[in-house]
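Some labels in structural descriptions rest on a cut-off.

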Amino acid sequence: MIRPKLSFRRPLAVLGATFVGLAAAVAVAAPASAHISVPSGSAVCDTKTGEWVVTWKVESTLHFNSDTFKLHYIRTTPKDAPIDGIVRNKDYPVDAPIVGTQRVPGTTTKAELDVKATWSDGFREQDLREGNVTLEGTCDKDTPEPTPSASPTPTPTPTTTPTTPPAKVSSPNASTSSACDGTVAVTLSNGEDATADAVLRVKATGFDKTYTLKPGTSKDDIVVPANAGEIKITEGDKQVGETITWAEPENCVEPGEPVGGYESTCEELIFMISNPEDGEPVTLTLTPSTGEPKTLTVAPGTTETAKFPASEGLTVTPSAEGLDDTTPIAWEKPEDCGGGGGGLPVTGAAAGGIAAGALVLLAVGVVLFVVARRRRLTFTA
């Protein structure tokens, strides 16, 4: 895998460059981008089995003209806890989230769903989009009351003084998930074994709300705003779980950033750049080691591609005004090509696979800001 880094500098206008991956946002909202899948989750305790039940959602955001998308890669943590309802390589509509459930042991402290998606317009993610759910405390199974043994012969019932009934207790649990926009999603639950309502307070800077949950119920639509600092969940004077602070998920992207990538097929080295509608125009020149250069000018809200015939030793050098790092990007022959070098005809079953993946680009980070905005450009595959 080659990850050349291309940084831009322009006097008084360009502030610098950083290596950027794409977002996995995880919770209720995700930053704007071109093609991004956003996994997020929430959890409740099933006290009948002593397991956490995690509900996962995967949404497609800013997908241009795509009608459907599918997940070509799925990884779950724990590994032996698959997600029911989220299927690999199945087409889903882009305007509705993919929803599935995962059961994990009650002692689990963190559940994770990592995905990569492909859209019907041919754009394909390469970097993982990561969804994480932190599970506070433990999820315990209900302990049934022992059944008294039957006496062989009836015995007189002694006169007793009435006893005080056992106190009603709640069984609160909490899970949290940080989003790229700085918010934190909080899920609260009260166990099936509870005999009383759980009155839980979620408090942070600028956020202080109290929720009442009956036994066996949960609330999964709580969003603590960005910059809220430490988040504490309490029941009376007792804290539920640990103090929570927002933690930036991996591969977050700023709004308005174009995204793109490149892919080596058996016949071509292909580049794609997708520019969101609120982005700035992007111009990039690609110069091959053999053949003519190609220039991509990508207007906001559009996607452009450039293709170069594959050959041994082929490299393509990106360039643009102010570019100070021009590391060439090399064509790498895929393992399933067979035969000789790139550019040779491919027939039979292999041809179908290549045709299906010809426009599938391994998405990741072309980022360009113009004029008084920062510019960043990164290709990965």
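The questions and answers below set computed values against definitions.

This is a predicted model, in which local features need pLDDT of at least 70, side-chain atom pairs count only at pLDDT 80 or more, and totals for chains, interfaces and linings use all residues. Residues are numbered from 1 along each chain as its sequence is written, and side-chain values use heavy atoms, with hydrogens and water left out.

Q: Why is Lys116 called buried?
A: Buried means under 20% relative accessible area, exposed over 50%, and partly exposed in between, with a 1.4 Å probe and protein chains only. Lys116 has 14% relative accessibility, so Lys116 counts as buried. The residue is found in strand β8; strands (E, at least two residues) and helices (H or I, at least four) are DSSP runs, numbered from the N terminus.

Q: What does Lys116 touch, leaving out residues up to four places away in sequence?
A: Contact means heavy atoms within 4.5 Å. On that basis Lys116 touches Lys70, Leu71, His72, Tyr73, Glu125, Gln126, Asp127 and Leu128.

Q: What makes a set of residues a nonpolar core, and how many residues has the largest one?
A: A nonpolar core is a set of buried Ala, Val, Leu, Ile, Met, Phe, Trp, Tyr and Cys residues joined through side-chain atoms within 4.5 Å. The largest one has 26 residues, and those with the most contacts inside it are Trp56, Val58, Phe69, Leu71 and Ile86. Two or more residues each come from β2 (36–46), β3 (51–61), β4 (68–77), β7 (98–105), β8 (110–119) and β10 (129–136). The largest share, 5 residues, is that of β8. A second, separate core has 18 residues, among them Ile222, Val224, Ala228 and Ile231.

Q: Which residues are in contact with Val58, apart from neighbours within four places in sequence?
A: The contacts of Val58 are Ser37, Val38, Pro39, Phe69, Leu71, Ile86, Pro97, Ile98, Leu113 and Val115.

Q: How do you know that β2 and β3 are paired?
A: Two strands pair if DSSP finds at least two bridges between them. Between β2 and β3 there are 11 bridges, and the two strands run antiparallel. One example is Val38, whose bridge partner in β3 is Glu59.

Q: Why are β2 and β5 said to stand at the edges?
A: The open sheet has 4 strands in the order β2-β3-β7-β5, with antiparallel pairing. Each of β2 and β5 (83–84) has a single partner strand, so one side of each is left without a neighbour in the sheet.

Q: Why is the pair of Asp46 and Arg103 called a salt bridge?
A: A salt bridge is a side-chain nitrogen of Lys or Arg within 4 Å of a carboxyl oxygen of Asp or Glu. The closest N and O atoms of Asp46 and Arg103 are 3.0 Å apart. Asp46 lies in β2 and Arg103 in β7, so the pair ties together parts 57 residues apart in sequence. Asp46, at 15% relative accessibility, counts as buried, whereas Arg103, at 41%, is partly exposed.

Q: What links Asp46, Glu51 and Arg103?
A: These residues are linked in a network of salt bridges. The side chains of Glu51 and Arg103 meet at 3.0 Å, N to O.

Q: How do you know that Asp197 and Lys214 form a salt bridge?
A: Their closest N and O atoms are 3.9 Å apart, and the limit is 4 Å. At 52% relative accessibility Lys214 counts as exposed, while Asp197, at 35%, is partly exposed. The whole structure has 7 salt bridges.

Q: What makes Cys45 and Cys139 a disulfide?
A: A disulfide is a pair of cysteine sulfur atoms within 2.5 Å. The S to S distance of Cys45 and Cys139 is 2.0 Å. With 85 degrees about the S-S bond, this link is right-handed. Cys45 and Cys139 are both buried.

Q: Why is the disulfide of Cys266 and Cys337 called left-handed?
A: The torsion about its S-S bond is about -100 degrees, so the disulfide is left-handed. The S to S distance of Cys266 and Cys337 is 1.9 Å, and the count of disulfides comes to 2.
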